[in-house]
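Subject: Handover of a structure

Dear colleague,

Please find below the structure that I am handing over to you.

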Amino acid sequence: MQQLIDGYAKFRSNVFPLQSALFEKLATGQQPQALFICCSDSRVVPEVVMQCEPGTLFPSRSVGNLVPPPTETASGVAATIEYAIRVLRIPDVIVCGHSDCGAMKGILESENIESLPAVRSYLEYAGPSSRWLTRLLKDSNSFSFEQRLKLLTEANVIAQMHNLRNHPAVHDALNDNTVRIHGWLYEIGTGAIQQFDVEQGRFRPLLAEEQTAAAAAPDRERRIA
Ligand SMILES: [Zn+2]
């Protein structure tokens, strides 16, 4: 805890004075560029990865970056989505999964979360496609645990993009062509981001220069395209 208080003291004495103009501007309003739906995992820090200032991202964090269906109107995620789209008019929504996700591991090995009823219940929002895929992968001997985890994490991002589209605010904004939905995967150990290519049905490096490098190398991800 002392580390946090020391950090705050540093912020007050060194950081805040240097950015006082930014904070003064932010004191009366916000205009974020993107709604960022990601996992609660402490290792996923989008502001660091994308090097952005306060006020740039509108975050929605929950276990497994899940988007409960619109019928769950009391969920914090639904309220965040509605406010982001209808009030802040945010033009881009990013659903971002990540490597080594505890929630995805919990789905793959549900016996490990039997003593966590709240987690188990929330993970139901991963939906039927995750249960189907988990069963399919469990029945197959051709995938290691790491491969199964990666496939489920990818499938979960795609499923949550679908859930997102069904939220009334997002549905209306899509019809009006005022919002774009993106599916990302963040690799903690390398810092690399992959983006879901809807046309090609696979994840590709977000940066164009990394796409070229990936195209030249054997790509085992293509097996699930
Ligand atoms: Zn996670």
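Which residue in β3 is the bridge partner of Cys38? The bridge partner of Cys38 in β3 is Cys96.

Before the remaining findings, please note the basis of the values. This is a predicted model, in which local features need pLDDT of at least 70 and side-chain atom pairs count only at pLDDT 80 or more, while totals for chains, interfaces and linings use all residues. Residues are numbered from 1 along each chain as its sequence is written, and side-chain values use heavy atoms, with hydrogens and water left out.

The strands

Helices (H or I, at least four residues) and strands (E, at least two) are DSSP runs, numbered from the N terminus. Two strands are said to pair if DSSP finds at least two bridges between them. Strand β1 pairs with strand β2 (residues 57-62) in the parallel sense, over six bridges. Within that pairing, Ser62 of β2 is the bridge partner of Cys39. β1 also pairs with β3, again in the parallel sense, over five bridges. Six of the six residues of β1 are buried, so β1 is largely enclosed by the rest of the structure. Here buried means under 20% relative accessible area, exposed means over 50%, and partly exposed lies in between (1.4 Å probe, protein chains only).

β3 in turn pairs with β4 in the parallel sense, over seven bridges. Val95 lies in strand β3, and its bridge partner in β4 is Gly183. Val95 counts as buried, at 0% relative accessibility. Between Val95 and Tyr8 there are 87 residues of separation in sequence and 30 Å in space, C-alpha to C-alpha.

Strand β4 (residues 180-186) has six of its seven residues buried, so β4 is largely enclosed by the rest of the structure. β4 and strand β5 (residues 193-197) run antiparallel and are joined by three bridges. Leu185 has Gln194 as its bridge partner in β5. The hairpin of β4 and β5 has six residues between the strands, and Gly191 takes a positive phi near 75° there.

The zinc site

Which residues coordinate the zinc ion? They are Cys39 (through SG), His98 (through NE2) and Cys101 (through SG), at 2.1 to 2.3 Å. Cys39 lies in strand β1 (residues 34-39) and Cys101 in the loop between β3 (92-98) and α5 (102-108), so the pair ties together parts that are 62 residues apart in sequence. The donor residues follow the spacing C-x58-H-x2-C in sequence. Donors are N, O and S atoms within 2.8 Å of the metal (3.2 Å for Na, K and Ca); water is not among the atoms, so sites may look incomplete. Cys39 is buried, with a relative accessible area of 6%, and Cys101 is buried as well, at 1%.

The cavity

A search of the whole structure finds one cavity of 30 Å³ or more. A cavity is a set of points, on a 1 Å grid over the protein atoms alone, where a 1.4 Å probe fits but cannot get out; lining residues have an atom within 4 Å of a point. The largest cavity has a volume of about 30 Å³, the volume being the space filled by probe spheres set on the points, which are joined across faces, edges and corners. Among the lining residues are Phe36, Cys96, Tyr186 and Ile193. By class, the lining has nine nonpolar, no polar and no charged residues. Ala, Val, Leu, Ile, Met, Phe, Trp, Tyr, Cys and Pro count as nonpolar, Asp, Glu, Lys and Arg as charged, and the others, Gly among them, as polar.

Two loop residues

Gln51 lies in the loop between α3 (46-49) and β2. Its phi is near 50°, a positive value in a residue other than glycine, and Gln51 counts as exposed at 66% relative accessibility. Asn177 is found in the loop between α9 (168-175) and β4. The phi of Asn177 is near 60°, also a positive value in a residue other than glycine, and Asn177 counts as exposed at 68% relative accessibility.

Yours sincerely

Key
On a 1 Å grid over the protein atoms alone, a cavity is a set of points where a 1.4 Å probe fits but cannot get out, and a pocket is an open set with protein on both sides within 12 Å along at least five of seven lines; lining residues have an atom within 4 Å of a point.
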